[in-house]
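Subject: Structure for you to look at

Hi,

Here is the structure I promised to pass on, with its sequence. My notes on what turned up in it follow below.

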Amino acid sequence: MAGKPKRRAEGAPVGRRVMLGMLGAGAAGLAAAPYLQRGWEGFLASASQADATGLTGLLPNPGGFRYYSVVGSVPHKDATDYELRVDGLVDRPKTYALGELRAMPQSRIVHDVLCTDGWRVDRTPFEGVGLADILDAAGVRSSGVAVRFTCFDGAYSESLTLEQARRPDVLVALNMQDKPITHAHGGPVRLYVAPMYFYKSAKWLSGITVTDKVVPGYWEERGYAVDGWLDGEDRHGAAA
């Protein structure tokens, strides 16, 4: 008696092989994703330093942040040569080294970062010294009404009123995303103004000068708002 024809089982083994291959590729992709992201961010950071046009800032970046400077190249600073000068209408001018800033009481702010170009990075942690603490240590004179910020790229500048500068959500920032701020992100020290668009958070911060009037910054001289408030922020209150 003839036996029953053997059932062909082509579909199942092939399907399993495909599924296992897809799972393996997916796992490999997840494992490689952080390295690929860091590599892409590193490329954007390097390219932006040699790009005076700002076109690299238009390239996609899954990490969210864009890399842009207003000059062709920016010198690197670290604990051996970084200095932050506080002067102007103050009683006690002072120059801080990086180690001195790190030794001061630190505050942490978690807030969305928004750029006027349209990109945003939600819930970004920043840590650093409250700008109000630095101003208090300097002793702002009664004639001081605003603060001007300068940067060691030699070109960028920003400004805040004294009221804005004293908010608890404004930092001389040393860490971003729980790591020291890299050169590409404006480190080792940058300004962070949480309730305003990110152009107000000057990178490569090197100078804090108390003035008797608001001095428009780099982008304000090119048509940006002097007060770059984000929608919905309390303009006279404490940190959100």
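A nonpolar core, as I use the term here, is a set of buried Ala, Val, Leu, Ile, Met, Phe, Trp, Tyr and Cys residues joined through side-chain atoms within 4.5 Å. Buried means under 20% relative accessible area, exposed means over 50%, and partly exposed is in between (1.4 Å probe, protein chains only). Please keep in mind that this is a predicted model, in which local features need pLDDT of at least 70 and side-chain atom pairs count only at pLDDT 80 or more, while totals for chains, interfaces and linings use all residues. Residues are numbered from 1 along each chain as its sequence is written, and side-chain values use heavy atoms, with hydrogens and water left out.

The cores

The largest nonpolar core has 40 residues, and Leu101, Leu131, Ile134, Leu205 and Ile208 touch the most other members. At least two residues each come from β1, α2 (98–103), α3, β5, α4 (162–165), β7, β9 and β10; helices (H or I, at least four residues) and strands (E, at least two) are DSSP runs, numbered from the N terminus. The top contributor is α3, with four residues. There is also a second, separate core of 14 residues, which includes Val113, Val121, Ala173 and Tyr192. In general, nonpolar side chains tend to be buried together in soluble globular proteins.

Leu101 is worth a click: beyond its neighbours within four places in sequence, its contacts (heavy atoms within 4.5 Å) include Tyr82, Tyr96, Ile134 and Leu174.

Five strands make an open sheet of mixed pairing, in the order β2-β1-β10-β5-β6. Two strands count as paired if DSSP finds at least two bridges between them. The edges are β2 (94–97) and β6 (157–161), each pairing on one side only. Inside the sheet, β1 (residues 83–88) and β10 run parallel, joined by four bridges, and Val86 has Ile208 as its bridge partner in β10.

Across β1, β2, β5 (146–151), β6 and β10 lies α3, at about 60° to β10; axes are lines fitted to C-alpha atoms, for helices over the stretch in contact, and angles run from 0 to 180 degrees between N-to-C directions. Ala138 belongs to this helix (residues 131–138) and is buried, at 3% relative accessible area. Not counting residues up to four places away in sequence, Ala138 touches Val86, Val90, Asp91 and Arg92.

The other strand pairs

Strands β3 (residues 107–114) and β4 (residues 120–130) run antiparallel, with seven bridges between them. Val113 has Val121 in β4 as its bridge partner. Five residues separate the two strands of this hairpin, where Gly118 has a positive phi near 110°. On to β7 (residues 170–176), which pairs with β4 in the antiparallel sense over five bridges; here Gly128 stands opposite Ala173.

Backbone spots to check

- Gly187 to Pro188 is a cis peptide bond, with omega near 15°; Pro188 sits in the loop between β8 (179–180) and β9 (190–193).
- Asp178 is not a glycine but has a positive phi of about 65°; this residue, in the loop between β7 and β8, is partly exposed at 47% relative accessibility.
- Trp204, also not a glycine, has a positive phi near 55°; its place is the loop between β9 and β10 (205–211), and Trp204 is buried, with a relative accessible area of 2%.

Enjoy looking around!

Best wishes
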